[in-house]
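The structure comes first, then the notes.

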Amino acid sequence: MNFDFFTFGGAVFWEDVFFYQKWRIQRHCFTKAYRLLDSWDIRRASGSFEVCQQAFIKYISSYEITKQQGKMVILLHGYMESKNTFKKLWRKFILTDSTVAALNYPSVFKNAGESAQQLLFFLNHTDNISEVSFVTKGMGNIVLQKALNAPTEKQAFREKMRIGNIVEINPVIRSDMICDVLAQYKLFRFLNKTSLGDMTENRVKYMPNLPPRLNYIKIFSTSKLSRCIYALLKFCNFPIRESHTSSKNTIFIKGNTFLTLENEEILNKTVNFIKNGKI
């Protein structure tokens, strides 16, 4: 017998494969078991995807869950983060007319290609949405780029919804020096099978760009935390690479907060671009 109980929302081991009005179906990255969480992260069912889906259908009427439709904004976090990274941004988006889905994916245990397959599964099982936009942070942009460059037959969602606007916040455009150094040692070779491996020089230089004709912008900013980390690494004589690039699709915002997604200017420009397609 299954009992309803509170969870931590699956920030580490669970991947979101279905979302509807804050309810979500998650899949465990190791056991492949599924569970249905309500809007309070309480488990309401477990088993196969179909079992959880049927359980959700029953809850629609009993909990009077309203129909989601129109536009959706998907938020993809960075390495070692979770959907909670987007709390402040999520609060701004819910004031708009869009459905907002901040997705969890197990970035520590899966590589970007595997997480891209999760994203495609999610999109292909999303109904009643006519347009989907994306906001990525850090390596979330690699996940999105791999998903949107997947073979056409794996992007069935394109037949029922169009891609709107895309904002990439501090995207990975240069290899991470720490990943490059660790990848040289046998003890850390397992990193090549996870998302960290996707941020090494050998992977980043072959990383696909977003497909043409998409409306996107890249926002770069250094938080107080990142500047402290850079200063410490420089003090230890560790080589640092700048991640900035110059193009018409790039803007730079001065970091004035401890964390990047606490910066009101970044949050406001992100929401405005998703809504209007321009800064």
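**Strands, salt bridge and pocket**

Leu-76 stands opposite Thr-136 in S8. This is a predicted model, in which local features need pLDDT of at least 70, side-chain atom pairs count only at pLDDT 80 or more, and totals for chains, interfaces and linings use all residues. Residues are numbered from 1 along each chain as its sequence is written, and side-chain values use heavy atoms, with hydrogens and water left out.

**Parallel sheet**
- Six strands form an open sheet with parallel pairing, in the order S7-S6-S8-S9-S10-S11; strands (E, at least two residues) and helices (H or I, at least four) are DSSP runs numbered from the N terminus.
- S7 and strand S11 (250-252) are at the edges with a single partner strand each, so one side of each has no neighbour in the sheet.
- From one strand to the next, the twist averages 20°.
- Seven bridges link S6 and strand S8 (residues 129-137) in the parallel sense; two strands pair if DSSP finds at least two bridges between them.

**Antiparallel sheet**
- The order S1-S5-S4-S3-S2 describes an open sheet of five strands with antiparallel pairing.
- Strand S1 (5-6) and strand S2 (14-20) are its edges; each has a single partner strand, so one side of each is left without a neighbour in the sheet.
- S1 and strand S5 (residues 42-47) run antiparallel and are joined by two bridges.
- Phe-5 has Arg-43 in S5 as its bridge partner.

**Helix H3**
- Helix H3 (residues 112-124) lies across S2 and strand S3 (23-28), at about 20° to S2; axes are lines fitted to C-alpha atoms, for helices over the stretch in contact (heavy atoms within 4.5 Å), and angles run from 0 to 180 degrees between N-to-C directions.
- H3 also lies across S6, S7 and S8, running at about 165° to S6.

**Salt bridges**
- The count is 11 salt bridges, each a side-chain nitrogen of Lys or Arg within 4 Å of a carboxyl oxygen of Asp or Glu.
- Lys-83 and Asp-41 form a salt bridge, with their closest N and O atoms 3.9 Å apart.
- Lys-83 is in the loop between strand S6 (70-76) and H2, and Asp-41 in the loop between strand S4 (34-37) and S5, so the pair ties together parts 42 residues apart in sequence.

**Second largest pocket**
- The second largest pocket has a volume of about 490 Å³.
- Its lining has 22 residues, and the closest to the centre are Ser-39, Asp-41, Lys-83, Asn-84 and Trp-90.
- A pocket is an open set of points on a 1 Å grid over the protein atoms alone, where a 1.4 Å probe fits, with protein on both sides within 12 Å along at least five of seven lines; lining residues have an atom within 4 Å of a point.
- Grid points are joined across faces, edges and corners, and the volume is the space filled by probe spheres set on the points.
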